[in-house]
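Here is a short report on how one protein chain is packed. Look at the structure first, then read on.

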Amino acid sequence: LDKKTILLELSKALRHSRDRKLDPWAVIQTRVPLIKISDQKTDLTCDISMENDLSLYKASLLRCYVAIDARFPKVLALVKTWAQARNINDAAQHTLNSFGYTLLVIQFLQTCSTPVLPCLQAQTLEFNGKTFQQPPAVDTVGNLEIRYHGCQGATWDDVSHLVGFGKANTKEVDELFVEFLHFVGVVLDLDSHCVCIRDGALKPADKTQFKHKHLPQLCIEDPFDHADNVSRSLTETSSKRVRLEFLRAFEIMSRTGDFRRLCQASVRGNGAPANRDSHALGAAAHAAAGVGPLNGTHARGSRGGGFVGVRYGGHSGMHGVPLGGGGV
């Protein structure tokens with residue numbers, strides 16, 4: 001049996017599971033066939049794929065970043081909650097997949113004025129007065145060499161020596177979330193920048209480096225395969241829409257801190273913004289265009305608005321959003 005057939009059969013078996021109420025969906029007409037699963041009891045989702053060794057190392061790399069600073073998965077949880085609510089987190093609909101958002105968040109946290117995360121694929125890392133050399137490669141997948149700080153193999157990693165790397169940056173999750181929106185909506189230039197967590201910084205975009213047939217609208221380089229553009233699903237129309245959503249989000253959060261309003265669904269089934277929200281998107285673009293780099297907890301816009309503290313669960317943060325735990 002080929003893996004597409006196996007995945008279809010597994011999807012059917014999961015759908016009829018008596019132990020849990022699962023909602024599996026086989027997506028097999030893609031470059032990497034997989035099953036998307038939603039657990040109706042916990043509202044958790046996950047993907048299952050087969051014979052995809054590189055994905056194991058990608059997951060291992062992400063686990064390393066999660067272990068270094070607990071704010072990373074919390075910021076990412078906010079980003080994904082918002083992106084899913086606004087219908088801009090689905091490659092099948094020509095928006096950005098979850099891995100793309102994950103790499104954007106890592107790149108932002110690597111490039112803050114005071115970095116929160118290191119570049120785990122750098123040749124050397126300096127921390128706590130010590131210099132750490134990149135370990136030797138642990139594997140080769142195809143012609144791709146697998147090596148990064150903390151890697152002990154596809155299912156085991158150790159970055160205990162790097163925990164606390166970003167302690168000099170004392171900003172809370174809500175502040176980092178707003179700055180991330182500014183980073184993507186205003187700082188990131190879709191035409192001239194390439195997101196590259198392997199380098200630990202934005203680099204000049206070379207839109208011919210990727211193996212896909214069409215030129216990309218946004219360049220997000222895979223951390224292991226430099227010829228793979230993670231954001232290849234974006235079209236000219238959808239990339240503009242995603243950019244406007246970031247501008248709208250930055251406008252709302254920098255002025256009101258209202259995460260519930262931020263996540264209000266306002267898109268039609270075809271993915272187009274609803275008419276009632278078109279003015280908000282236009283205003284967001286106008287306001288954010290005049291905003292400079294964020295300074296501390298305040299983000300000054302064209303009308304003089306500032307970051308507004310909000311609350312969640314009795315603590316300063318995002319209103320109505322639990323931030324305890326959360327994976328990538």
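Helix α3 (residues 71-85) packs against helix α4 (residues 98-111) at an angle of about 135 degrees, and their axes are 10 Å apart. That makes α3 oblique to α4. The axes are lines fitted to C-alpha atoms, for helices over the stretch in contact, and angles run from 0 to 180 degrees between N-to-C directions. Helices (H or I, at least four residues) and strands (E, at least two) are DSSP runs, numbered from the N terminus.

α3 passes α4 in a right-handed crossing. A crossing is right-handed if the near helix is turned clockwise from the far one by less than a right angle, and left-handed if anticlockwise. Which residues make the contact? From α3 come Phe72, Val75, Leu76, Val79, Lys80 and Ala83; from α4 come Ser98, Tyr101, Thr102, Val105, Ile106 and Leu109. Contact means heavy atoms within 4.5 Å. By class, this contact of α3 with α4 has nine nonpolar, two polar and one charged residues. Here Ala, Val, Leu, Ile, Met, Phe, Trp, Tyr, Cys and Pro count as nonpolar, Asp, Glu, Lys and Arg as charged, and the others, Gly among them, as polar.

A note on the source: this is a predicted model, in which local features need pLDDT of at least 70, side-chain atom pairs count only at pLDDT 80 or more, and totals for chains, interfaces and linings use all residues. Residues are numbered from 1 along each chain as its sequence is written, and side-chain values use heavy atoms, with hydrogens and water left out.

Two packed helices are described by the angle between their axes and the distance between the axes.

| Helix pair | Angle | Axis distance |
|---|---|---|
| α3 and α4 | about 135 degrees | 10 Å |
| α2 and α4 | about 40 degrees | 12 Å |
| α4 and α5 | about 105 degrees | 10 Å |

Take helix α2 (residues 53-68), which packs against α4 at about 40 degrees. That makes α2 oblique to α4. α2 passes α4 in a left-handed crossing. Lys58, Leu62 and Tyr65 of α2 meet Phe99, Thr102, Ile106 and Gln110 of α4. By class, the contact of α2 with α4 has four nonpolar, two polar and one charged residues.

Now take helix α5 (residues 173-187), which packs with α4 at about 105 degrees. That makes α4 roughly perpendicular to α5. On the α4 side, the residues are Leu104, Val105, Gln107, Phe108, Leu109 and Thr111. On the α5 side, they are Leu176, Glu179, Phe180, Phe183 and Val184. The contact of α4 with α5 has eight nonpolar, two polar and one charged residues.

**The chain as a whole**

The chain has eight helices and 12 strands. How many of its 328 residues count as buried? The share is 47%. Buried means under 20% relative accessible area, exposed over 50%, and partly exposed in between (1.4 Å probe, protein chains only). Among contacts between residues at least 6 apart in sequence, 60% join residues at least 24 apart.

Arg63 is found in helix α2. At 36% relative accessibility, Arg63 counts as partly exposed. Arg63 and Trp156 are 93 residues apart along the chain, with their C-alpha atoms separated by 9.2 Å.

Asn87 lies in the loop between α3 and α4. Asn87 is partly exposed, at 25% relative accessibility. Asn87 and Ala265 are 178 residues apart in sequence, but 7.8 Å apart in space, C-alpha to C-alpha.

Leu202 lies in the loop between β8 (193-195) and β9 (203-204). Its relative accessible area is 24%, so Leu202 is partly exposed. Leaving out residues up to four places away in sequence, Leu202 touches Gln107, Phe183, Leu188, His193, Cys194 and Val195.

**Two positive phi angles**

Most residues other than glycine have a negative phi. Asp43 has a positive phi of about 65 degrees although it is not a glycine. Asp43 sits in the loop between β2 (34-39) and β3 (45-49). Is Asp43 buried or exposed? Asp43 is exposed, with a relative accessible area of 63%.

Asn128 has a positive phi of about 55 degrees, and is not a glycine either. Asn128 is in the loop between β4 (124-127) and β5 (130-133). With a relative accessible area of 54%, Asn128 is exposed.

Methods. Parallel < 35°, antiparallel > 145°, perpendicular 65-115°, else oblique.
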